[in-house]
Amino acid sequence: MSAPSVSRSQTRSRFALWSRRGQPGLVRQFGLQLLCLFVLFTVLFPIVWVVSLSLDPLNRSRPEGLTIIPDGATLEAYAQVIRQPTNNAISFLDLTLNSLKIALGTSLISVGIGVSAAYAFSRLNFRGRQVLMIAILGVLMLPAVATLVPLFVLLNSVKVDLPLLGQFNLRQSLLGVGLAIVSGLLPFAIWNLKGYLDTIPRDLEEAAAVDGASVNQTFLKIILPLAVPAIAVTGFLGFIAGWTEFYFTSTFLSGNITDHTLALALNAMVGQFSNTPWSLFSAFAILFAVPPAIVYFIVQKWITSGLAIGGVKG
Amino acid sequence: MVPKRSWLSRLLGSGRSSRIAYLYLVPAFLVMSIITIYPLAFQVWMSFTDMQLIHLNLRLGLTPDFVGLKNYIDVLASQLAIPNFNFLRIVIYNLWWAVANVAIHLVLGVAIALLLNVKGLKFRKFYRAMFILPVVIPPIIVATVWANMFDAQNGAINLLLAAMGRFLGMSPEVFRIDWLRQVASPIDWLLPSWNGGPNLSLPLAFYAMLATNTWLGWPLNSVVATGALQSIPHELYEAAEMDGATPRQQFRHITLAYLRPAMIPYAIYGFVITFNLFFLSFFMSGGGPAGRTELLVTQAYRLANEQRLYGVAAAFAVIMFFILLAITLVANRLTKATQSYSL
C-alpha cells in the first residue's frame, strides 16, 4: 500500500459532504434522492393519471387538465362500470365470472396435468424422452397467436351436444376458448415445473428408495409437497394469462355477448370508434388490474427468485 | 442370450421405470396430441390450401383447393392483396423493436439497480417496493392506458409537455403532437431504407411505444441486476482496494463481471418476450401508420381475425415458427456460451 493513497482517503473522510465510503454525505444523498424521486415520478405518473381520470364525473368525457384529484371528484364511474361497462348488455360481474372461469379452469387443468408429466421428465428414464422434450420446447417457442388459425378452424367444426351444457358450437364457447388456451399453457406448465423439479436435490428420494418407497409414493409424498411454491407460481402465471387472454376470446366469441370477458369489454371501450368517457375506461382498467396485481405482489418473491420460472408466452 | 422383443415393447422401452414413466405422461400426452400437436399438423396442411371464411360454413361443404407453395411465396414476396403488407419490413422492424427495447431495459435496469445499491441510501426499501409496480400490471392494461396517455387532444403526455412548456413561455398549441398517428418520422437516419427496399423509417409511434415498453420493462431487469449485485462478496472490493484498483477498475472487473452472467440469459429471455409483444403494437399504434409498426404477431392476428385468409395465415404462422426457431437457436448458443445449460 502506498502512502499517497492512505492520505487521500483521510482527506476524503474529512469532507463529510462528499464522503464515498460508509454513509454518503449530505450533498451526495440529496443528489441520489433527486434521481430516485425522478424515477419514482416516471413510475407513478401513469398510475396517478388513471386513478385521477377514474374520479372524473360521468358528464366529463375527457379530462380538463393534469390534476391529482379532479374537480367534482366522484366514484360514479366505478358504479356505472360495475352496473354495465359497455353498450353490450352484460354486467361487470358476469364479465368477471367469465374471465375467472377461463383463468381458473385453464390454470388448474394445465398445472394438474403438467405436474405429473414434469415429474416423469425430471426424474424418470424412458425411451423418447429427448424427442418429447424437444417437441414441447418447439411448441413453447410459438406464440399463442400462431396457433390461432388451426384451433379456430378445428373447434369450429365441432358441434357439442351434452346433457347438462346443451347444444353449441365448441368454437363459439368459453369451453372452446379454454381448450385453445390449454393448448399453449400445458407445455408451458410442464416445462416450468420440470425446471423447478430439476433443482430439488435427490437425497430425500434416494433415502426413500432405500426404505422401499415406490415411484408413486415418492411423487405424492416427497416431490409434490416440495413443489408447492412452483405449482403456485406456475398456476398464478397461467391464471394471469387466462385472466387477460385476448387472441382466442376476441376471435372465437364474436357476437356471443353472454360469454364475453373483461379483456373483450376493455377492447370494446378503447376501440377505434368508441366514445366511452375516459373516466369509465379508467375505472374499468383499475378494477381489471387490481386483483392480479395484489396477488402478484404476494407471489412476486417466488417469481423473481428463480428465473428458470419465466413469464407465460403471450 | 438376449430374448427377442416385439417392436411395441422396444418402442415403449423395457423395465418398470419406463412403463411407469409413460403412465405419468399419458394425461399430458393425450391432451397435447389432441389440442396442440394435431392442430399444428393441421396448420401445416392448411398452409398449402386456399382455405378462407367460406370453407368454414359446414352446410356448404366446400373443400379448400390445394395451392402448393403459393401462400408461402405470396407472404415472402409480399404479394398479398392486403393494404400495407411488406414481409421484409415487418421482420426488420420486429428485430429492431426487440433489440432497441432490450438494450434500453438492460442499461436502465442495471443503472437503477446500482443507484438503489448505493450504501447508506435513504428510503431504499420504499423505492424498491414502488419500482416494481409496472411489473404487476397486466400488459393489456398498460397498452390501453398508454394509448390513452399519448392521445393527441387530451392525452397526459401532451398535457405534461404543455405544462412544462408554459414555464418557457411556449403556447400549449405546440403540444398537440399526434404521437401514435403522425406519418413523418422524426429521425431519418436511425433505420435507413435502401433503394427498392421497404419503407423502414421509424414513425413517432415507435418512440411512443419504446417509452411505454421502457416503463414496463426496466423494473424486472433491475430486480435481476439487484440479485446479482447482492451476490458479490464484499471482500472482493476490499481486496481490490488494497491492491490499489481505482473505482472504475473495480466496477469493470468486479461489478460488471458479476452482472454479466446474470443479465445475459435474462436479456435473451426479454428479447423473445419483446419480439412477440402483441399488446403495445395492437392497442397503441394499431400497427400504423401504414403498417410501419406492425409486428409478426400482430400481422398473424390480423390475417386470421380481420382478413380471414386462413390458408395464408397458416403459412404465415409456419414461417414465423422458423424465424423464432432461428432466434431460439442463436439465443441458446449465446446462453450456453455464458453458463452451463442442460436440456
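Residues are numbered from 1 along each chain as its sequence is written, while chains are lettered from A, and ligands numbered from 1, in the order in which they are written. Because the model is predicted, local features need pLDDT of at least 70 and side-chain atom pairs count only at pLDDT 80 or more, whereas totals for chains, interfaces and linings use all residues; side-chain values use heavy atoms, with hydrogens and water left out.

Begin in chain B by colouring domain 1 (7-71) and domain 2 (86-338) separately, bearing in mind that such bounds come from an automatic or database domain assignment. The C-alpha centres of domain 1 of chain B and domain 2 of chain B are 36 Å apart, and ten residues of domain 1 of chain B are in contact with nine residues of domain 2 of chain B, where contact means heavy atoms within 4.5 Å.

Next, select Ser47(B), in the loop between helix H2 (15-46) and helix H3 (70-76) of chain B; helices (H or I, at least four residues) are DSSP runs, numbered from the N terminus. With a relative accessible area of 0%, Ser47(B) is buried, a term that means under 20% relative accessible area, against over 50% for exposed and in between for partly exposed (1.4 Å probe, protein chains only). Leaving aside residues up to four places away in sequence, Ser47(B) touches Gly68(B), Asn71(B), Tyr72(B), Gly311(B), Ala314(B), Ala315(B) and Val318(B). Of these, Gly68(B) is 21 residues apart from Ser47(B) along the chain, and their C-alpha atoms are separated by 8.5 Å. The side chain of Ser47(B) also has a polar atom 2.6 Å from the backbone oxygen of Val44(B).

Then move to Ser285(B), in helix H12 (residues 278-285) of chain B, which counts as buried because its relative accessibility is 11%. A polar atom of its side chain lies 3.4 Å from the backbone oxygen of Ser281(B), and one lies 3.1 Å from the backbone nitrogen of Gly287(B). Not counting residues up to four places away in sequence, Ser285(B) touches Leu180(B), Ala205(B), Met209(B), Leu280(B) and Thr293(B).

Finish in chain A by selecting Ile294(A), which lies in helix H13 (residues 278-305) of chain A and is partly exposed, with a relative accessible area of 48%.

Conventions. Helices (H or I, at least four residues) and strands (E, at least two) are DSSP runs, numbered from the N terminus. A polar contact is a pair of N or O atoms within 3.5 Å; within protein, one must be able to donate a hydrogen and the other to accept it, and residues adjacent in sequence count only if both atoms are side-chain atoms.
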